[in-house]
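The following note sets out points on domain arrangement, ligand surroundings, the sheet and selected residues. Please read them beside the sequence and the model.

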Amino acid sequence: MHLESFIQEEAQRLGFAVAGFASVGPIQTFDRFQEWLARGYAGDMAYLARNEVLRSHPSLLAPYVKSVIVAAARYPSASRSDPWSNYTLGKDYHDILCGKLKELAESIRGQVSVPLLSRVCVDTAPLLEREWACRAGLGWIGRQGSLVHPEFGCCLFLGELLVNLELEASPPISDRCGACRLCVEACPTGAIQSDGFVDARRCVSYLTIEHKGEIPVALRPLLGVSLFGCDRCTKVCPRNRTDAEGIMSQFAASDPPLPSPEACLAMTEADFDLRFTGTAVHRLGLKRLQRNAAMVMENQKLE
Ligand code: SF4
Ligand code: SF4
């Protein structure tokens, strides 16, 4: 069996929906990334600008890199209106995907005759991961700014493995958004710009998760009941998969149920740790969760 086929089968055995390979070369979307930063669309995600140059070529992260293996894991797609984004239903994807990509590297190590050098990236390193996902044949960047796979849709977590192996690059998939603008129309805040940029400062996901300060007063009513994240643009995407087949098991369920805004406001730090340790919500912290809960309760009064 070819090494590439072995890696793809091994990735699927580990629970990934799909994996592909990109040959290393200069980044093609770096100018766009710089333009996005220059327009201020990154909001207060200052760390993105700090590591700007490192994103221009993965060899600045791992000098030995010859190929980037990109693996995508499905999480449940939004099928209901909920204050919580569907990706909060399971465990923190950073931890899960890092562990699985390390396992994948160990499996590859057993198959190759050269010493394997590798680095795992899951939002943990300055890598323009969506470009690598496209170059690895996993899909295209939709108007909403996220990767869309023709079969697995857009509710995907991405992880990368930088390796010192020359792997055959996967064929790219061309943009299939066509005339569709459903995500643009579904966005409550106008975050998706007509020139293909997404202004994070207006995006509900950014405002409820990444943004550290107060949520701008003018935008608050537009956020509706969003406590953590936003699935509106993925929910309407015709490529979105709603079945459960192939969802990575660690992201499948939430037990016990997620708390109401009122319950969030009543939480102590100990309650918060007990309920959210090991989930993506824990990175948010109780203070920001309670900021969001107070806003949601104000918005509910307007309904
Ligand atoms: S996540 Fe929500 S706010 Fe952000 S672009 Fe999508 S629909 Fe708009
Ligand atoms: S909703 Fe339409 S335009 Fe938006 S990403 Fe999906 S296919 Fe592309």
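1. The domain bounds come from an automatic or database domain assignment. The structure is a predicted model, in which local features need pLDDT of at least 70 and side-chain atom pairs count only at pLDDT 80 or more, whereas totals for chains, interfaces and linings use all residues. Residues are numbered from 1 along each chain as its sequence is written, chains are lettered from A and ligands numbered from 1 in the order in which they are written, and side-chain values use heavy atoms, with hydrogens and water left out.

2. Ala, Val, Leu, Ile, Met, Phe, Trp, Tyr, Cys and Pro count as nonpolar, Asp, Glu, Lys and Arg as charged, and the others, Gly among them, as polar.

3. Shell of ligand 1. The residues around ligand 1 are C187, P188, T189, I192, C203, V204, S205, C230, R232 and C233. They divide into 7 nonpolar, 2 polar and 1 charged. Helix 7 (204-210) and helix 8 (232-235) each supply at least two residues of this shell. Helices (H or I, at least four residues) and strands (E, at least two) are DSSP runs, numbered from the N terminus.

4. Domain interface. The C-alpha centres of domain 1 and domain 2 are 23 Å apart. Across the interface, 38 residues of domain 1 are in contact with 42 residues of domain 2, contact meaning heavy atoms within 4.5 Å.

5. An open sheet is formed by 4 strands in the order 1-2-6-3, with antiparallel pairing. Strand 1 (18-23) and strand 3 (118-121) stand at the edges, each with a single partner strand, so one side of each is left without a neighbour in the sheet. Neighbouring strands are turned by 20 degrees against each other on average, direction ignored. Axes are lines fitted to C-alpha atoms, for helices over the stretch in contact, and angles run from 0 to 180 degrees between N-to-C directions.

6. Strand pairing. Two strands pair if DSSP finds at least two bridges between them. Strand 1 is joined to strand 2 by 6 bridges, and A22 stands opposite V68 in strand 2.

7. Strand 3 and strand 6 pair in the antiparallel sense over 4 bridges. In strand 6, L161 stands opposite I69 and also opposite V120. How many residues of strand 6 are buried? The count is 8 of its 8 residues, buried meaning under 20% relative accessible area, exposed over 50% and partly exposed in between (1.4 Å probe, protein chains only). Both faces are covered, with L156, L158, E160 and L162 on one side and F157, G159, L161 and V163 on the other. Strand 1 has 5 of its 6 residues buried, so strand 1 is largely enclosed by the rest of the structure.

8. Y93. This residue is found in helix 4 and counts as buried at 12% relative accessibility. Leaving aside neighbours within four places in sequence, Y93 is in contact with Y87, C98, V122, D123, F157 and F251. Y93 and V122 are 29 residues apart in sequence and 8.4 Å apart in space, C-alpha to C-alpha.

9. E245. Is E245 buried or exposed? E245 is exposed, with a relative accessible area of 60%. Its place is in the loop between helix 8 and helix 9 (261-265). E245 and S194 are separated by 51 residues in sequence and by 34 Å in space, C-alpha to C-alpha.

Methods: A residue is near a molecule or strand if one of its heavy atoms lies within 4 Å of it.
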